[in-house]
Amino acid sequence: MIRFEGVQRQFGQVTALAGLDLEIEKGELIALLGPSGCGKTTALRILGGFDRPDAGRVLVNDVDVSSMPPNKRDMGMVFQAYSLFPNMDVRTNVAFGLRMRRREKAKRLKQADELLELVGLTQTADRYPYQLSGGQQQRVAIARALAIEPTVLLLDEPLSALDARVRTQLRAEIRSLQQRLGITTLFVTHDQSEALSIADRVGVMQNGRLEQVDTPEAVYRHPATPFVAEFVGAMNRVSGRLGDAGDVQVLSQRLKVLNPNSMESGAAVYALLRPEGVAVVPDPAGPGEVTQRTFLGSTVRLEVTLDTGQKILVEQPTQDAGVALGDRTGLRILVESVIVEEMVPSSAP
Amino acid sequence: MSFGSVGIVPGDDVVGGPEPQPVTKGRKERPRPWRIAIFVLAALYFVGPLASAFKFSLIQSNGSYGFGNYGQIINNSAIRSALITSLEISAITAVLVVVLMLPTVVWVRLRLPKLTLMMEGVTLLPIVIPPVVLAAGLEELQSHAPEWLVKLLFNHPVTALTPFYVILALPFTYRALDNGVRSIDLHTLVDASRNLGASWRQTIVHVILPNVETAVLGAMFLTIALCLGEVVIATLLLYHTFPVALIQESLSGTAGISVALSIITLAFTFGLLFALSFLAGRRHRPSSGRMI
């Protein structure tokens with residue numbers, strides 16, 4: 001098990017980590033998600049031993065590894081940049097970690113071949129990195145990281161340099177390998193779809209802090225903070241007013257409030273609604289007009305501008321979106337409960 | 001960890017990112033006449049004087065042509081010993097320079113990038129300070145230093161000159177190595193190597209050095225060329241190195257031998273250059289038949 005305990009890291013005036021607390025269970029894949037500069041890569045580099053915390057500590061199986069050098073940690077890492085050694089062929093690259101561990105040459109080459117088979121690249125064993133495509137290079141990098149039989153696998157945006165099709169394919173392969181090998185993995189990414197699709201749990205970070213750590217579905221459906229709600233997926237902030245019975249009146253519909261907290265009835269609030277939680281209802285006398293229509297294949301994304309000037313994003317299956325650009329329309333909320341945030345003058349959209 | 005039947009389906013030809021370099025064959029292009037003309041003129045400019053010098057070096061004391069002057073050089077124990085001394089100094093200096101400078105360059109690039117400008121300034125000092133000043137300083141050191149240090153350093157030209165040639169070579173070697181290190185993704189390669197269990201020494205030997213091989217060879221070549229040509233410090237400190245012997249021979253009046261020595265020096269230097277080109281070429285040809 002891995003544990004970050006109050007880990008802090010400062011770079012000059014910039015706070016990269018402001019007291020990170022996180023536990024990763026054995027065999028679990030956690031994705032750290034957040035915008036650039038939120039501290040997710042710093043957390044990964046500290047776990048890998050490439051950086052040291054200013055305060056706090058990192059424990060692996062209850063052993064404090066905070067000041068242990070990276071070559072003693074037994075952690076495999078796949079980098080964002082192509083990191084294969086250009087002077088070595090693919091097989092030698094994969095066997096490098098074993099060579100550093102003074103394994104017999106025949107054994108390490110055999111193990112390298114097994115790992116290349118595992119990632120489906122047996123035929124490239126004698127090639128050099130410059131003879132491989134980006135996707136192949138990252139697969140070799142995965143094989144190389146796995147060769148040392150690491151306690152933890154660290155993935156630092158390993159798919160960001162690849163094109164969309166390969167990215168989708170490779171992330172499924174990484175997940176499949178991780179699950180079958182049962183290897184504890186920390187995956188850092190700024191791509192929410194990548195994080196949500198690959199992880200057991202997603203940690204959303206902002207300004208060096210974890211805003212929420214939960215399953216992908218919980219993070220998406222029940223965001224803990226407005227930042228998480230707006231960072232993970234698109235979100236509408238629709239004005240409404242709190243009712244007496246823990247409900248809210250939004251777009252002429254009454255919805256249950258999930259986080260009434262200490263807000264008083266009658267308070268002006270914003271209800272946070274996902275685009276797929278709203279549907280258009282074609283109506284020539286409706287309160288809104290379709291001002292943008294983007295075809296996304298199986299779904300259509302619509303921007304409906306209400307007569308009040310507020311813009312609402314709607315995403316629904318293509319066959320159900322029977323409206324064209326410029327049509328008048330009504331809106332129907334498909335969910336029964338919402339998160340609200342208190343409306344303050346500065347939070348007006 | 002057992003990998004068992006776990007795996008990615010073979011045959012999925014994952015592509016993406018930069019495409020592998022395409023197979024290309026050397027395209028034969030017929031050279032244009034004006035290019036040939038420029039080449040011939042340049043060749044005459046360089047080869048003409050060399051050929052004349054070579055012809056002159058073949059004139060023996062009795063007026064006939066032959067390799068007598070070269071024979072005299074080979075049989076001259078003073079020149080032979082000077083050449084051996086210079087080669088020893090060159091080899092040791094070249095190795096020392098790389099051993100000292102490569103880790104320094106890597107460390108500055110990785111950990112102290114703010115010191116890059118200062119490093120560039122400091123390594124230029126041997127050019128700014130004339131060798132005569134260095135030699136004067138050395139003479140001062142010789143006369144005022146403790147006897148054990150004088151004996152340790154100045155009893156043999158190798159121990160006396162090597163440290164100072166290392167300093168003189170800094171401006172060339174630092175830049176050659178720095179350019180080489182800049183050309184690779186140093187941070188990622190070092191992190192990857194360390195992550196896989198390599199110590200700093202193993203990282204430099206197995207990962208960095210092979211990937212900056214051309215720059216290292218270039219730095220060594222420049223150092224050797226400098227050691228084989230440096231006369232000011234060696235003369236002032238009264239050491240009999242190869243370039244000093246060359247000058248002494250030319251002053252002694254046996255012009256044929258002096259020119260023959262120059263030809264030998266040039267041939268040696270060219271030999272080194274070709275060796276460098278060969279090794280650098282091999283660097284880009286990882287194994288036969290795989291070059292694409």
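**A two-chain model in questions and answers**

Biologist: Is L302(A) buried or exposed?
Modeller: Buried means under 20% relative accessible area, exposed over 50%, and partly exposed in between, with a 1.4 Å probe and protein chains only. The relative accessible area of L302(A) is 0%, so this residue is buried.

Biologist: What kind of model is this, and how are its residues numbered?
Modeller: Residues are numbered from 1 along each chain as its sequence is written, chains are lettered from A and ligands numbered from 1 in the order in which they are written, and side-chain values use heavy atoms, leaving out hydrogens and water. Local features need pLDDT of at least 70, side-chain atom pairs count only at pLDDT 80 or more, and totals for chains, interfaces and linings use all residues, for this is a predicted model.

Biologist: Thanks! Which strand holds L302(A)?
Modeller: Helices (H or I, at least four residues) and strands (E, at least two) are DSSP runs, numbered from the N terminus. In chain A, residues 299-306 form the run that includes L302(A), and that run is strand 17.

Biologist: Which residues is L302(A) in contact with, leaving aside its neighbours within four places in sequence?
Modeller: Contact means heavy atoms within 4.5 Å. With those neighbours left out, the partners of L302(A) are V280(A), V290(A), Q292(A), R293(A), I312(A), L313(A), V314(A), Q316(A), A321(A) and V323(A).

Biologist: What distance separates the C-alpha atoms of L302(A) and A324(A)?
Modeller: Along the chain, L302(A) and A324(A) are 22 residues apart.

Biologist: Let's step back to the whole of chain A. How many helices and strands does it have?
Modeller: Chain A has 349 residues, and 53% of them count as buried. Its C-alpha atoms fill a box of roughly 80 × 45 × 35 Å along the principal axes. The secondary structure of chain A comes to eight helices and 20 strands.

Biologist: What share of the accessible surface of chain B belongs to carbon and sulfur atoms?
Modeller: Accessible areas come from the Shrake-Rupley method with a 1.4 Å probe, and for residues only the protein chains shown count as cover. Chain A exposes about 14,900 Å², with 48% supplied by carbon and sulfur atoms. For chain B the surface is about 16,500 Å², and the share of carbon and sulfur atoms is 69%.

Biologist: Which helix gives the most to the lining of the largest pocket?
Modeller: On a 1 Å grid over the protein atoms alone, a cavity is a set of points where a 1.4 Å probe fits but cannot get out, while a pocket is an open set with protein on both sides within 12 Å along at least five of seven lines; lining residues have an atom within 4 Å of a point. The largest pocket has 24 lining residues, of which R45(A), F50(A), D51(A), R111(B) and D191(B) lie nearest its centre. Strand 1 (2-11) and helix 1 (40-48) of chain A give two or more residues each, as do helix 3 (77-111) and helix 8 (186-195) of chain B. With five residues, the element that gives the most is helix 8 of chain B.

Biologist: What is the volume of the largest cavity?
Modeller: Grid points are joined across faces, edges and corners, and a volume is the space filled by probe spheres set on the points. There is one cavity of 30 Å³ or more, lined by I142(A), L146(A), L153(A), L155(A), I174(A), L177(A), Q178(A), L181(A) and I183(A). The volume of the largest cavity is about 50 Å³.

Biologist: Finally, what angle lies between the planes of Y45(B) and F46(B)?
Modeller: Rings of Phe, Tyr and Trp (its six-membered ring) pair if their centres lie within 6.5 Å; planes under 30 degrees apart count as stacked, over 60 as edge-to-face and the rest as tilted. The search finds ten aromatic pairs over all chains. Among them is the edge-to-face pair of Y45(B) and F46(B), at 5.4 Å centre to centre. Both residues, Y45(B) and F46(B), are exposed, and the angle between their planes is 90°.
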